[in-house]
Amino acid sequence: MDVEQPASVDSARIEKAVREILIAIGEDPDRDGLQETPARVARAYAEQFAGLRQTPEDVLTTVFDVDHDEMVLVRDIEVYSTCEHHLVPFHGVAHVGYIPNQKGQVTGLSKLARLVDVYARRPQVQERMTSQIADALMRVLEPRGVIVVIECEHLCMTMRGVRKPGAKTITSAVRGDFRNSEKTRAEAMSLIIH
Ligand SMILES: Nc1nc2c(ncn2[C@@H]2O[C@H](COP(=O)(O)OP(=O)(O)OP(=O)(O)O)[C@@H](O)[C@H]2O)c(=O)[nH]1
Ligand SMILES: [Zn+2]
């Protein structure tokens, strides 16, 4: 469950902290190129972590009935998130599919991409982000099933640490019909993996 979130980031606090980090790494925060950096980082974080101040209901606003109760899948939604362990990016693609309920309730296609961003723009681990997207769709659209597959490269594994560029992490979350029916799941996977 989402905990209550602050209205916006505390820019002054971020700026103070970033200045401290610059000093701690042995930089001069007052040199030309760095003077504006704390304020820039505060603005960047406001954007990068905007999802902390959003709920799925904020973006899944358009729900309408169509005469379609079979799979809808949006593939290759670009995703940028921030690894909560190292605060460096991980990025890749998300594939989000669902089977509308008997009433044929669907949402706008762009709303699925917006939903991905609600959870990507937070300090994250890929597994949790994947489940959160699936659970939010189940709750709001009450579909017969949801499948979310996310493939990402984690910069904490490529630019530092173990340094394995190209390694991809693939996570999936299946709910409802996608969980219960191997055939339905296989159909979705064949559309995702091409
Ligand atoms: N399961 C999971 N692990 C992640 C994710 N993002 C980063 N990690 C891992 O989190 C772990 C943190 O491990 P620690 O040993 O606490 O940190 P560390 O010493 O910086 O680890 P190394 O990255 O191996 O140098 C690392 O193995 C990362 O690869 C994620 O989305 N999911
Ligand atoms: Zn990391």
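Let's start with Thr 82, which touches Gln 48, Leu 87, Pro 89, Pro 123 and Gln 124, leaving out residues up to four places away in sequence. Touching, or being in contact, here requires the C-beta atoms of two residues, placed from the backbone, to lie within 7 Å. Before going on, a word on what you are looking at: this is a predicted model, in which local features need pLDDT of at least 70 and side-chain atom pairs count only at pLDDT 80 or more, while totals for chains, interfaces and linings use all residues. Residues are numbered from 1 along each chain as its sequence is written, and chains are lettered from A and ligands numbered from 1 in the order in which they are written.

Thr 82 sits in strand E2. Helices (H or I, at least four residues) and strands (E, at least two) are DSSP runs, numbered from the N terminus. Is Thr 82 buried or exposed? Thr 82 counts as buried, because it has 22 C-beta neighbours inside 10 Å. The cut-offs go like this: 20 or more other C-beta atoms within 10 Å of a residue's own make it buried, 12 or fewer make it exposed, and anything in between is partly exposed, with C-beta atoms placed from the backbone.

His 85 is exposed because 12 other C-beta atoms lie within 10 Å. His 86 is in the loop between E2 and E3 too, but His 86 is partly exposed, since its count within 10 Å is 16 other C-beta atoms.

His 86 also turns up in the UniProt record: an unreviewed entry carries the annotation "binding site" for Cys 83, His 86 and Cys 156. These three span 74 residues in sequence, yet no two of their C-alpha atoms are more than 7.7 Å apart, so they gather at one spot. UniProt positions are given in the numbering used here, feature names are shortened, and annotations may be inferred rather than shown by experiment.

Where does Cys 156 sit? Look in helix H6, residues 155-158. Cys 156 is partly exposed because 16 other C-beta atoms lie within 10 Å. Setting aside neighbours within four places in sequence, Cys 156 is in contact with Cys 83, His 85, His 86, Val 88 and Gly 161.

Finally, step back to the whole protein. It has eight helices and seven strands, and its C-alpha trace spans about 60 × 40 × 25 Å along its principal axes. Of its 194 residues, 29% are buried. The unreviewed UniProt entry annotates residues 14-192 as "domain: GTP cyclohydrolase I", a span that is 41% helix and 27% strand.
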